[in-house]
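Please open the structure in your viewer and keep the selection panel at hand.

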Amino acid sequence: MSFEQLKEQIMQDEENLIYTEQGIEPLFWIPETAKILIIGQAPGLKAQESRKFFWDKSGDRLREWLGIDKTLFYESGLFAVVPMDFYYPGKGKSGDKPPRKGFAPKWHPLVLPLLKQVECILLVGSYAQNYYLKETKKENLTETVRSYSEYLPKYFPLVHPSPLNIRWMKKNPWFEEEVLPELKLIVKNIIKKENE
């Protein structure tokens, strides 16, 4: 199945018609050359309106964590983004609503096989970690991220790069001291291999 066929199928699904009727397309990004796949929560309102993932402060921080710039992120074809829901779920009491529960089980098994060259999957936040790590995840997100090396080389669990997580980062200095250097190294090696 091609990207276009898949996109059409997603848009015609009755659970997504509310978006399709408003002219809103599913937001996921799967260049076939991608080596690093980012699985996050769901697009924010800004991403849905601009049709660009991580086009905000969270994106700036994520690129800083990866050790790359916007050009490499958006134009190299090395990065794919497949959220747990491809549509903005709306505003909740504190921040955005969570991704819809049945979305990833229905569509991820059709999307991921199109990404044949992926070497590392970044699981950003608890929704992605709960779904992909299942019983191998730890008792909470902090412990799962702290145990990142257990999931390598396939998965790399991360906290969400949202500015709202600044307090979490201050409370967990090991994340910046130990986890991020390792993440940067993995990304750097993948890019280096690509350029050889």
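Is Arg51 exposed, partly exposed or buried? In this predicted model, Arg51 is partly exposed, with a relative accessible area of 36%. Select Arg51 in the loop between helix 3 (45-50) and helix 4. Its phi is positive, about 65°, although Arg51 is not a glycine. Most residues other than glycine have a negative phi.

Next, select Phe54, which lies in the loop between helix 3 and helix 4. Phe54 has a positive phi of about 50° and is not a glycine. Phe54 is buried, with a relative accessible area of 13%.

Now select residues 174-195, which form helix 10. This helix has 22 residues and reaches 31 Å from its first C-alpha to its last, close to the 32 Å expected. At Leu180, helix 10 bends by about 30°, and Pro181 follows within four residues. Its buried residues include Trp174, Phe175, Leu183 and Ile190.

Keep Phe175 selected. Which residues touch the most other members of the largest nonpolar core? They are Leu122 and Phe175, in a core of 34 residues. Among the elements that each supply at least two residues of this core are strand 1 (36-39), strand 3 (120-124) and helix 10. Helix 10 gives the most, with 9 residues. Beyond its neighbours within four places in sequence, Phe175 is in contact with residues including Trp65, Val145 and Trp168.

Finally, select Leu152 and Pro153, which are joined by a cis peptide bond with an omega of about 5°. Pro153 is in the loop between helix 8 (141-146) and strand 4. Most peptide bonds are trans.

Methods. Residues are numbered from 1 along each chain as its sequence is written. This is a predicted model: local features need pLDDT of at least 70, side-chain atom pairs count only at pLDDT 80 or more; totals for chains, interfaces and linings use all residues. Side-chain values use heavy atoms; hydrogens and water are left out. The expected span of a helix is 1.5 Å times one less than its number of residues. The bend at a residue is the angle between axes fitted to the seven residues ending there and the seven starting there. Buried means under 20% relative accessible area, exposed over 50%, partly exposed in between (1.4 Å probe, protein chains only). A nonpolar core is a set of buried Ala, Val, Leu, Ile, Met, Phe, Trp, Tyr and Cys residues joined through side-chain atoms within 4.5 Å. Contact means heavy atoms within 4.5 Å.
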